[in-house]
Every structure is written in C-alpha cells, then in structure tokens.
Amino acid sequence: MRITMIGAGYVGLVSGACFADFGHHVTCVDKDAGRIAALRRGEIPIFEPGLADLVATNMAQERLSFSTTPDGIDEADAVFIAVGTPSRRGDGHADLSYIYSAVREIAPLLSPTAVVVTKSTVPVGTGDEIERILRDARPEADMHVVSNPEFLREGAAIYDFKHPDRIVIGSDNEAAREVMAEVYRPLYLNAAPMLNVSRRTAELIKYAANAFLATKITFINEIADLCERTGADVNDVARGMGLDNRIGGKFLHAGPGFGGSCFPKDATALLKTAHDHGVPLRIVETVAAVNDQRKRAMARKVVTALDGSIRGKTVAVLGLSFKPNTDDMRDSPSIPLITALHDLGAVVRGYDPAAMEAAKAQLPDVIYCGSAYEAAEGAEAVVIATEWEQFRALDLDRLRSVMAAPVIVDLRNIYRAEEMKRANFRYLAVGRPTAERQVESRLPRRRKIAAANGKAVGGKVAEPAV
Ligand SMILES: NC(=O)c1ccc[n+]([C@@H]2O[C@H](COP(=O)([O-])OP(=O)(O)OC[C@H]3O[C@@H](n4cnc5c(N)ncnc54)[C@H](O)[C@@H]3O)[C@@H](O)[C@H]2O)c1
C-alpha cells in the first residue's frame, strides 16, 4: 500500500517507519525543512531506541522517504495526519490549528476517494470538522475521514507500535475500514485486536485512556503521601494492589507527578471538551489539580533533606526528560522542580543521558554536566528525577566521594533504603520509610505531631513553603 504521513515528529516518524517495515511504501511529510534534510541524511532528530536502524533499513529498501511537500499524495491509499495538538495558549483547549491547516493544504491534492486518517490526538468531533473542510474544498469527491488514535509510549515506541494492545479504528464506512484493515494487516495477522467503532467513539477512547492512566498515577502518588505519614511502604502497597488482576500493576509507581507530551495536555483538553458539553469530569479535574501542585512541591523534599534551607547550596539533578529513553522535555516534572529549587536560591547542576540539548531552552540556568558524577561534584544533595537505567546502578562510593554532603533524594524509588544506609547516604524516597522516619517513629508523641506538620523539631528549622 502507499501511505503518506503528514507530520514526522515522534508519532509520525515512528508510525511511518513501522508501516514501511510492514512492507508499505511511506512518504513522511514535514514542514520543518531542517528535520527533513536531517532525516534524508540518515540523522534522526529525536532520541528513540531502535529508530535510527529502522529508518535506515527502510530507506535503503526504498520503502521510506521524506519530503517537505506531499509528493505523490494523490496516489496514497491512506493519508495519515500526525501533526501536534498542543494545549492552546490561554484556554487549554487542544490547539487544532496544525490539524486544520494540514487538511486545507492537502485537500486539493488528494485523490477523490482518499482515506484521511487522524492519528493525532484530537477532541471528539474533530473528524466531523475535517470532513466538512474536505467537502467544502472538494464537493465532487467521496473521501472518508477515519480516527485511528495512537497509544505508543515514547522510549518504547517501536515495540508498542508493533505490539499494540489494540488498534482502534473509528469509521462507519466499510470501504475505509477495509483500507485500514489492509494497512494494519501484519499486526492483525499477529492477532492484535482491531476495534471497529464510530469515529467519535475512537476519538474519545484515546482521551479516556490517557485520563485513566493519569488518574492511576495520581492515586498512587496520594497514597504515597499517606505512606510517608504512617510509615507504610508505597512500593509494597502498589504491589499488593497491582497483583489484583482487576487493578493491574502498571502505572502504580509513585513519583514526582506525571508529565510528558501527552497526559497533561490531554487531561486539560478532555476537561475543556467535557465543560463545553456541560458534563464536568470531577475526577479528572482533581487529578489535574493534584498533579500540578505535586511537581513543584517535590522541591520541598529536597529542602527537608537539606535540613530546611537550600539557599546557596548546590543540588545535582539526575534525569531531565519526563521519562527514561527519550529526549522529550515537554511538561517534564524536572522543569517545575528545578524552577522551584532556583526560586529557593539553590545552584542546580544537571545531567541527562539524552535530553540536555532540549532542556537548555527551558532551563537555561542549570549548569549542565557530562555525567552523573560530574553533576554531583560539590553537591549537597543528588536528586534522581528520571529513572534512566544508568542511574539505577550508580557507584555510590564514587558519588559520595565527589559530593559535599552524602544526601540522595530519590523521586523514582529506584534504590533501597538499606542499600543507601550501608553506603552512608542520607536517603529520602517517595512514600517509603527512611532512616529519618524510623527515628521519628521513636520520638515522643508531641514531637511526632510537630514533625508531621513540618514544624521545627529538635532545633531544625521549618521548611519554607514552595
Ligand atoms: N508523543 C507521543 O508519545 C504521542 C503518543 C500518542 C499520541 N500522540 C499524539 O500525536 C500527535 C503528534 O504528536 P508528536 O509528539 O508526534 O508531535 P511532534 O510535535 O513531535 O510532531 C509534529 C510534527 O508535525 C509537523 N507539522 C506541523 N504542521 C504540519 C503540516 N501542516 N504539514 C506537515 N508537517 C507538519 C511539525 O513540524 C512536527 O515535526 C499529537 O496529537 C499527540 O498528542 C503523541
């Protein structure tokens, strides 16, 4: 089959390369001339494991090409739209201007029976608007608009694309469904469930799924807060919950709050859609609010670890991208964390295996370093903000030897308290008992209450509000 992919970002590039790998002929089109020139030279503009090889193989076999213009789009069996749908400035609705301008640009060039497929995440009803634009531009044509939301995760995008839990096809048109079945035939043969639903249903499935996952994360984060006050261990609570098949263990990892290119903007966009339809989604509203507060509040943990004040102190932050194996900085929890640390007067040294170039634009005041150990030099605390594999097995003796004080704040719970104690680190994690907690549980009751309220205990200064 011939496929045109409009937009060669995370989703467009991965989807295009995977479709080519299935044996289809794919042209990825992007307005960003620099990106297309780089791709033609074999340079991959994003960090995604396995993508460089996949692109190179399929370019060499002439199934994958890149262009700034939609060449040959009139011969495409399916035209996918994978442009961005960021939050609209000012009101938080999904900004659909990239979608609509892409549709207006391609409308005159499409075959009269084209199947136009929205892969971007778009609010329910967007497909109807796309159809209207196409009909106005080409009243003589019989085109079909399909919704085919994408569920891949950055960092594991190729695996996810090739092993989806389900493929959602939103269309009422039989011919369009047949084209989609052909596009996904290799996955269908692998028994990936294909869900044929209405277009509006498909559009809503994507938002509902993301909002639910964001809810799971926020739920366990609040349970983690309760664990910290009660001496329970959130990792064990999550395991105890997750082994129940009705719940499942995924997305039950306590941490600094969800971020990334999708969950925050999609939760907000869903709320806007719901309000427009007079259906307030109170659970999602709360999830968004709780998560917003949490990210900046993580700086408070660092303050606690440094006995109440971080002004003038050096803090090393390990991991800047919103999750491991990506260089994506969009809405990364490291941004509000580091901004709060700066606001409180700290000097921040940072290291990330892939995202430092992307981070520089948003966090210009960070001192960027070449390794975790270089970042830790002279630091009074190391904060693990993203659980990159290489941070899971740090040489703790080496780390301690370069630091000004042996303090680790582990916002991803990747170490064990005993291990840190053995290595002579003061260790704070999320929702898990620490050495401090054990000491605190032996305090007289009056002092325990003061400690729980963040008041001065035993001469310690109360932490400032963040
Ligand atoms: N990133 C993810 O993990 C992920 C996962 C699932 C769904 N999505 C959704 O997929 C969509 C794309 O996300 P992304 O992360 O790939 O975005 P992105 O910003 O990485 O890529 C979008 C690309 O589209 C290009 N573009 C914009 N207008 C264009 C036009 N008129 N013609 C050609 N190219 C154009 C941009 O130059 C950019 O390269 C969004 O709706 C997003 O919510 C993203």
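A crossing of two helices is left-handed if the near helix is turned anticlockwise from the far one by less than a right angle, and right-handed if clockwise. Helices are DSSP runs (H or I, at least four residues), numbered from the N terminus.

The model is predicted, so local features need pLDDT of at least 70 and side-chain atom pairs count only at pLDDT 80 or more, while totals for chains, interfaces and linings use all residues. Residues are numbered from 1 along each chain as its sequence is written, and side-chain values use heavy atoms, without hydrogens and water.

**First stop: the ligand**

The shell holds 26 residues, and the closest are Val11, Asp30, Thr85, Glu154 and Lys265. By class, the shell has nine nonpolar, seven polar and ten charged residues. Here Ala, Val, Leu, Ile, Met, Phe, Trp, Tyr, Cys and Pro count as nonpolar, Asp, Glu, Lys and Arg as charged, and the others, Gly among them, as polar.

Next, display the polar contacts (pairs of N or O atoms within 3.5 Å). At Val11, a backbone N or O atom lies 2.8 Å from an oxygen atom of the ligand. At Thr85, a polar side-chain atom is 2.5 Å from a ligand oxygen atom. At Glu154, a side-chain N or O atom lies 2.8 Å from a nitrogen atom of the ligand. Of the 840 Å² of accessible area that the ligand has on its own, the protein covers 89% (Shrake-Rupley method, 1.4 Å probe). Helix H1 (10–22) and helix H4 (97–106) are the elements that give two or more residues to this shell.

**Second stop: H1 and H3**

The crossing of H1 past H3 is left-handed.

Conventions: Near = heavy atom within 4 Å. Polar contact = N/O pair within 3.5 Å; in protein donor to acceptor, adjacent residues only side chain to side chain.
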